[in-house]
Amino acid sequence: MRYDAVIVGAGFAGIHMLHRLAATGLSVRLIEAGSDVGGVWYWNRYPGARCDVESIDYQFYFSDEILAEWRWPERYSEGPVIQRYLSFVTDRLGLRDMISFGTRIETADYDERSHQWRLATDRGDSIETRHLILATGPLTVSLKPEFPGMADYKGRILHTAHWPREPIDFAGRNVAVIGTGSSGIQAAPVIARQAKSLTVFQRTPAYSMPVANRPLSDAEIADARAKTEEYRALRFASPGGLRGMGNPKKLADDSPAEREKQFADRWTMGGFAFLMSYADIMINAEANEQAASFVHGKIREKVKDPATAEKLIPGSYPLGTKRPCLDTGYYEMFNEPHVSLVDARDAPIERFDANGIVAGGKSHVFDDIVLATGFDAMTGAIMKIAITGRNGEKLGDHWADGPRSYLGIAVSGFPNLFILDGPGSPSIIVNAPAMIETQGDWLAQCIQDMEANGIAAIEADRGAEDEWTAHVHEVANYTLYPRADSWAMGANIPGKPRGFMMYLGGLTAYRDKCREVAETGYSGFALTRAQAPAEA
Ligand code: FAD
Ligand code: NAP
């Protein structure tokens, strides 16, 4: 099989890219390991899975028709609704026939003479393509800790990122949830409503804010549709890829009473509005501490047992430097008599046994254990593919000290390999669909320009890659983000190189940089012309 372009992954990034490239008339194939589109929303079917970005923002803006035809039921959408949305988009744009489902790309080798990538799949197919586009997702490869004795456990073990398709009933069961990141904090209150008992194993307490979800009225939907142009412009003009919400003031601009009111108002608004109470929360330790202290107060207010409240209060890292969570009734859940918290710092998980978990010398009996233990983020899915570039260089070697790229899109030594929503880009530190449209539009134009100008290969210069990678780290080091042992730093995976993996300069600055590169004839890239065919 031979195509002009192969895209790997049918999440937001892959679907958008497929639409853009199909429109150019190139032959394109999308390869997806799952049996349907959706990406994270296909795989993460755990109870309570819900978007943390408002539905009006977390959608594509490239098609007025789709914006007019799809109606979001709630302010923050449930995972299955987003999966259905992507399925709707795929069919509406006539893309489904261009997708091979249930197929995993395992290897990719570049042939410098023909400027072709040769791909092998887990079904034994071999595919040739000029352009290889990895839309494999920043949160794809799950982290499943290997606790001693796991194989002896007789109950069910579930992972939030690989939730079974059939409904899971927790009624009458004693359930454990390990992990208190976004997945665990969303799943636990829903499981608690069904289960006989729920025990949450927390190693590091999270900062969580109320999501304040509610149905969207017809009037709100009509208003959003009427403002499509305005919203489209706003999301691309904002650092976070959102319609707004940021307070341009710094903490020092307000009096203590004004700060308290600002925090309280934003807490009530719900969602990430609280994190944007002041413009300097992520760069000024004092502003951060004041916002954090407000959240600590809220946890003490919500959780009746003071000892449990103290255990739930985070303190070892600044607010927001581990991706904050949004919840519906998480802290309140601990007031229920059948819900308990095990602080895995005081009572570390030692092992599993046939009946459950032994932690801090105490045995806990469970029917089900839910792992909400996260992902090998940003690089995990890319590194699962054995990628060999020019001169036989392995991507794994090139990235041995951490991911390096130009614009987060291209890698030196790996011509015509493009990465979407990956390390070195703003990725999911901003609203993902806005970032994904930015990169996909840029890449579609780049490939069209190559076609129009007889360019067979495009490759990032080593110097441009060095400069961009240093810039990504420099911007991160200006902020408080590197102070947390987060997945974004690679800190949750033993042996993974440490360094903040996303570009924190904001979507607007990123868009400007990408535009400048294209307008200057793809500066920072080496372009190789196609050989003229030999004359007969
Ligand atoms: P994905 O959606 O991850 O899609 C990648 C696809 O590639 C997957 O379907 C995978 O099966 C496929 N794939 C990978 N490797 C291969 C291979 N070798 N061969 C074949 N197929 C392969 N972001 C936000 O901005 N706001 C949110 O509220 C938000 N909520 C989230 C909730 C959850 C539970 C998770 C896990 C993530 C969330 N994110 C959120 C981040 C999310 O990653 C992005 O929003 C976005 O969905 C990423 O889209 P994507 O297309 O880049 O990747
Ligand atoms: P996560 O944030 O990495 O959280 C994993 C949790 O598991 C942490 O509490 C971690 O503790 C714990 N853990 C891991 N290994 C452990 C072990 N061996 N023993 C005990 N505890 C262990 O993963 P996640 O919750 O799946 O979320 C990952 C990202 O996905 C989020 O940050 C977000 O970007 C995205 N997401 C978004 C949404 C949403 O927006 N709606 C929902 C879900 C996920 P430590 O902190 O101590 O390591």
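This is a predicted model: local features need pLDDT of at least 70, side-chain atom pairs count only at pLDDT 80 or more; totals for chains, interfaces and linings use all residues.
Helix 5 (residues 182-194) makes the greatest contribution to the shell around ligand 2, supplying three residues. The shell around ligand 2 holds 23 residues, of which Arg50, Ser183, Thr204, Lys322 and Trp487 come nearest. Sorted by class, these residues divide into nine nonpolar, nine polar and five charged.

Several polar side chains reach ligand 2. An N or O atom in the side chain of Ser183 is 2.7 Å from an oxygen atom of the ligand, and a polar side-chain atom of Arg323 lies 2.8 Å from an oxygen atom of ligand 2. On its own, ligand 2 has 900 Å² of accessible area, and the protein covers 86% of it.

Ligand 1 has its own set of neighbours. It is surrounded by 37 residues, and the closest are Ala13, Glu32, Asp52, Tyr58 and Asp421. By class, this shell comprises 23 nonpolar, nine polar and five charged residues. Backbone atoms take part in the polar contacts here. A polar backbone atom of Ala13 is 2.9 Å from an oxygen atom of ligand 1, while a backbone N or O atom of Ile105 lies 3.0 Å from a nitrogen atom of the ligand. A further contact involves Ala432, where a polar backbone atom is 3.1 Å from an oxygen atom of ligand 1. The protein covers 96% of the 980 Å² of accessible area that ligand 1 has on its own. Helix 1 (12-22), helix 2 (40-43) and helix 14 (432-452) are the elements that give two or more residues to this shell. Among them, helix 2 gives the most, with three residues.

What does the side chain of Arg235 meet through its polar atoms? One of these atoms lies 2.8 Å from the backbone oxygen of Asp57, and a polar contact of 3.4 Å joins the side chain of Arg235 to that of Glu437. Beyond its neighbours within four places in sequence, Arg235 is in contact with residues from several stretches of the chain, including Asp57, Gln59, Tyr61, Gly241, Leu242, Asn431, Pro433, Ala434 and Leu507.

Helix 9 (residues 285-302) is built from 18 residues and spans 26 Å from its first C-alpha to its last, close to the 26 Å expected at 1.5 Å a residue. The N-terminal end of helix 9 is capped by Asn284, with a side-chain oxygen 2.9 Å from the backbone nitrogen of Glu286. Which residues of helix 9 are buried? They are Ala287, Asn288, Ala291, Ala292, Phe294, Val295, His296, Lys298, Ile299 and Lys302. The cover over these buried residues includes strand 10 (208-210), helix 8 (256-269), helix 10 (306-312) and helix 11 (330-333).

The loop between helix 8 and helix 9 contains Ser277. At 0% relative accessibility, Ser277 is buried. Leaving out residues up to four places away in sequence, Ser277 touches Asn247, Gln262, Phe263 and Arg266.

Two further residues sit in helices 3 and 4. Ser87 belongs to helix 4 (residues 79-92) and has a relative accessible area of 14%, so this serine also counts as buried, under the cut-off of 20%. Although 49 residues separate Ser87 from Gly38 along the chain, their C-alpha atoms are 7.0 Å apart. The contacts of Ser87, not counting residues up to four places away in sequence, are Asp36, Val37 and Arg96.

Glu65 and Arg92 are 27 residues apart in sequence, and the distance between them in space is 9.5 Å, C-alpha to C-alpha.

Terms used: Residues are numbered from 1 along each chain as its sequence is written. Chains are lettered from A and ligands numbered from 1 in the order in which they are written. Side-chain values use heavy atoms; hydrogens and water are left out. Helices (H or I, at least four residues) and strands (E, at least two) are DSSP runs, numbered from the N terminus. The expected span of a helix is 1.5 Å times one less than its number of residues. Buried means under 20% relative accessible area, exposed over 50%, partly exposed in between (1.4 Å probe, protein chains only). Contact means heavy atoms within 4.5 Å. A polar contact is a pair of N or O atoms within 3.5 Å; within protein, one must be able to donate a hydrogen and the other to accept it, and residues adjacent in sequence count only if both atoms are side-chain atoms. A residue is near a molecule or strand if one of its heavy atoms lies within 4 Å of it. Accessible areas come from the Shrake-Rupley method with a 1.4 Å probe; for residues, only the protein chains shown count as cover. Ala, Val, Leu, Ile, Met, Phe, Trp, Tyr, Cys and Pro count as nonpolar, Asp, Glu, Lys and Arg as charged, and the others, Gly among them, as polar.
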